[in-house]
Amino acid sequence: MTTRPPSLGPSPGGFSTPLGCPCRDRTAPAQDSPVRAHYPELDALIRHVRAFATTLTEHQGERLPDWLDAVRQDSPPSRHAFAAGIRRDFDAATAGLTLPWNSGVVEGHVNRIQLLERQMLDHISFGLLRKRALLP
């Protein structure tokens, strides 16, 4: 089952149309944008972001090593930090891009409890926090 890739939304550069849009060829980015004409390295960045988005949305973690190599060869050193972070925990990154499971529900609960803690900063007591966390 293929899900629709996330949309990047509009931008003045003209390169942020929906990733799944069949309206133009994604392998050859358009060169008509004045921003892209001024910064030619954006083409490589856009190509890498789109490839990573495809890997993410289609659960193709086996493509991650090739993507990391392409980023290292194409991108300036300032962008290598992201790839280096992925390489540090390569097995977890590959599993996250391959397996259909995620920790979204757990993260949502953690976020809700943190919000409650911030709201109760002046009135903090474990009993009150427990009561607010257990009652939706």
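This is a predicted model: local features need pLDDT of at least 70, side-chain atom pairs count only at pLDDT 80 or more; totals for chains, interfaces and linings use all residues.
## Helix 3 and helix 4

Helix 3 (residues 64-74) packs on helix 4 (residues 80-88) at an angle of about 150°, and the two axes lie 9 Å apart. Because angles over 145 degrees count as roughly antiparallel, helix 3 is classed as roughly antiparallel to helix 4. The crossing of helix 3 past helix 4 is left-handed.

On the helix 3 side, the contact is formed by L64, P65, W67, L68, D69, V71 and R72. Helix 4 contributes H80, F82, A83, I86 and R87. By class, the residues in the contact of helix 3 with helix 4 comprise 8 nonpolar, 1 polar and 3 charged.

## Residue A70

A70 belongs to helix 3. With a relative accessibility of 27%, A70 is counted as partly exposed. Between A70 and H48 the sequence separation is 22 residues, while their C-alpha atoms are 7.9 Å apart in space.

## Helix 6 and helix 7

Helix 6 (residues 104-119) and helix 7 (residues 126-134) pack with their axes 10 Å apart, at an angle of about 135°. This angle makes helix 6 oblique to helix 7. Helix 6 passes helix 7 in a crossing that is right-handed.

From helix 6, the residues R112, I113, L116, E117 and Q119 meet L129, R132 and A133 of helix 7. The contact of helix 6 with helix 7 contains 4 nonpolar residues, 1 polar residue and 3 charged residues.

Technical notes: Residues are numbered from 1 along each chain as its sequence is written. Side-chain values use heavy atoms; hydrogens and water are left out. Axes are lines fitted to C-alpha atoms, for helices over the stretch in contact, and angles run from 0 to 180 degrees between N-to-C directions. Helices (H or I, at least four residues) and strands (E, at least two) are DSSP runs, numbered from the N terminus. Angles under 35 degrees count as roughly parallel, over 145 as roughly antiparallel, 65 to 115 as roughly perpendicular and the rest as oblique. A crossing is left-handed if the near helix is turned anticlockwise from the far one by less than a right angle, and right-handed if clockwise. Contact means heavy atoms within 4.5 Å. Ala, Val, Leu, Ile, Met, Phe, Trp, Tyr, Cys and Pro count as nonpolar, Asp, Glu, Lys and Arg as charged, and the others, Gly among them, as polar. Buried means under 20% relative accessible area, exposed over 50%, partly exposed in between (1.4 Å probe, protein chains only).
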